[in-house]
Amino acid sequence: MEEIYCFAGNPLDRVSERRRDTGWIASLLDEPATRVIPFRDLKPLIRNGSQMALDWQPVGPWREVINAGATLAFLGIAEARAHFALDATGAAQAPDPATENIDLRTLAPLIPETEAAILAEARSVVDWHARHRFCTQCGTPSEVASGGWARHCPRCKAHHFPRVDPVVIMLAVKGEHALLGRGRRRPGARFSCLAGYMEPGETLEDAVRREVREESGIRCGRVRYLASQPWPFPSTLMMGFLAEALSEEITVDPEELVEARWFSRQEIRDMVARAANGDPDPATTVPSLPGPVAIAHQICRRWANGFDDI
Ligand SMILES: [Zn+2]
């Protein structure tokens with residue numbers, strides 16, 4: 001069964017086949033039902049209250065900002081209502097005391113899963129436009145096209161598309177033990193799955209075997225895909241695997257990890273349970289795992305609960 005993790009399960013129909021229809025996109029902006037979610041410095045506008053929620057707004061108050069050239073991206077349609085993301089960074093909009101801009105990492109566990117998934121789409125696209133203002137082929141300022149899903153160069157006519165950076169993340173398993181690593185930037189005794197960016201010319205399986213070997217010295221054989229997760233910081237696709245470990249002796253790459261260690265299935269089951277009950281004290285020396293928002297947590301949970309069909 002397909003598993004849905006944080007930032008996945010986006011309810012919007014992206015209607016990608018109509019994005020290049022500029023007349024249709026413009027007509028959506030004239031519909032009273034259409035909503036925009038404004039971002040400032042990559043942080044979405046949030047309505048405070050007993051339950052935090054995205055502050056979807058009508059187009060009207062933002063028309064001037066849009067006409068002045070703020071980046072706008074068509075996210076999709078749900079319940080006959082079009083949704084857009086707007087990069088309102090620097091826009092002189094009067095702050096409403098009942099709203100604030102909050103970073104998506106902080107926000108994700110606090111808002112409904114469907115809204116986190118929409119924000120993953122929105123944040124990645126807004127961020128891409130902010131960092132790709134110029135044609136990578138000739139250096140000319142490029143222009144937003146296809147409802148925010150491309151940039152066109154007016155000089156050399158090149159088309160540029162939002163990029164996704166694929167990352168493999170895996171649990172190497174040997175019988176009743178699995179391999180976790182502790183990274184340099186992780187606080188306390190926070191362990192996680194090994195992970196790394198794919199390289200050109202690799203299959204997913206090659207990348208899994210290479211990353212495990214590189215970071216821990218462990219050789220892997222069979223590789224089994226589990227699930228994926230968009231990770232919008234800025235635009236990563238996490239692809240989760242189990243890998244069959246063929247060796248046991250660990251040699252850590254000190255550039256990547258402080259340590260790597262084999263844990264028993266019961267130890268990982270306990271770590272999953274502790275992490276699911278809230279973030280452990282960062283000062284604790286008891287090995288811990290990331291919370292349920294992270295796919296690493298979900299991979300560990302599935303294996304600890306008995307999934308080991310590699
Ligand atoms: Zn160009």
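## The largest pocket

Seven elements each supply at least two residues of the lining of the largest pocket: β11 (165-174), β12 (177-183), β13 (194-197), α5 (204-216), β14 (220-231), β15 (236-245) and α7 (295-304). Helices (H or I, at least four residues) and strands (E, at least two) are DSSP runs, numbered from the N terminus. β13 gives the most, with four residues. This is a predicted model: local features need pLDDT of at least 70, side-chain atom pairs count only at pLDDT 80 or more, and totals for chains, interfaces and linings use all residues. Residues are numbered from 1 along each chain as its sequence is written, and side-chain values use heavy atoms, with hydrogens and water left out.

The largest pocket holds about 1500 Å³ of space. Its lining has 45 residues, and the closest to the centre are Arg105, Arg185, Arg186, Ser192 and Trp231. A pocket is an open set of points on a 1 Å grid over the protein atoms alone, where a 1.4 Å probe fits, with protein on both sides within 12 Å along at least five of seven lines; lining residues have an atom within 4 Å of a point. Grid points are joined across faces, edges and corners, and a volume is the space filled by probe spheres set on the points. By class, the lining divides into 24 nonpolar, 10 polar and 11 charged residues. Here Ala, Val, Leu, Ile, Met, Phe, Trp, Tyr, Cys and Pro count as nonpolar, Asp, Glu, Lys and Arg as charged, and the others, Gly among them, as polar.

## The second largest pocket

This pocket has a volume of about 320 Å³. Of its 19 lining residues, Arg14, Ser124, Val164, Pro230 and Ser235 are the closest to the centre. α4 (113-131), β14 and β15 each give two or more residues to the lining. α4 gives the most, with six.

## Nonpolar cores

The largest nonpolar core has 25 residues. Leu171, Leu180, Ile268, Ile299 and Cys300 have the most contacts inside it. A nonpolar core is a set of buried Ala, Val, Leu, Ile, Met, Phe, Trp, Tyr and Cys residues joined through side-chain atoms within 4.5 Å. At least two residues each come from β11, β12, β14, β15, α6 (265-276) and α7. α7 has the largest share, six residues. Apart from this core lies another, of 22 residues, among them Leu12, Ile37, Ile102 and Ile118.

## Aromatic pairs

The whole structure has seven aromatic pairs. Trp24 and Phe74 form an edge-to-face pair, 5.6 Å centre to centre with 85 degrees between the planes. Rings of Phe, Tyr and Trp (its six-membered ring) pair if their centres lie within 6.5 Å; planes under 30 degrees apart count as stacked, over 60 as edge-to-face and the rest as tilted. Trp24 lies in helix α1 (residues 22-30) and Phe74 in strand β5 (residues 72-78), so the pair ties together parts 50 residues apart in sequence. Trp24 is buried at 14% relative accessible area, and Phe74 is buried at 1%. Buried means under 20% relative accessible area, exposed over 50%, partly exposed in between (1.4 Å probe, protein chains only).

Ring pairs also link Phe7, Trp231 and Phe233 into a cluster. Phe233 is joined to Pro234 by a cis peptide bond, with omega about 0 degrees. Pro234 sits in the loop between β14 and β15.

## Two positive phi values

Ala80 is not glycine, yet its phi is positive, near 60 degrees. Ala80 is in the loop between β5 and β6 (81-87) and is exposed at 66% relative accessibility.
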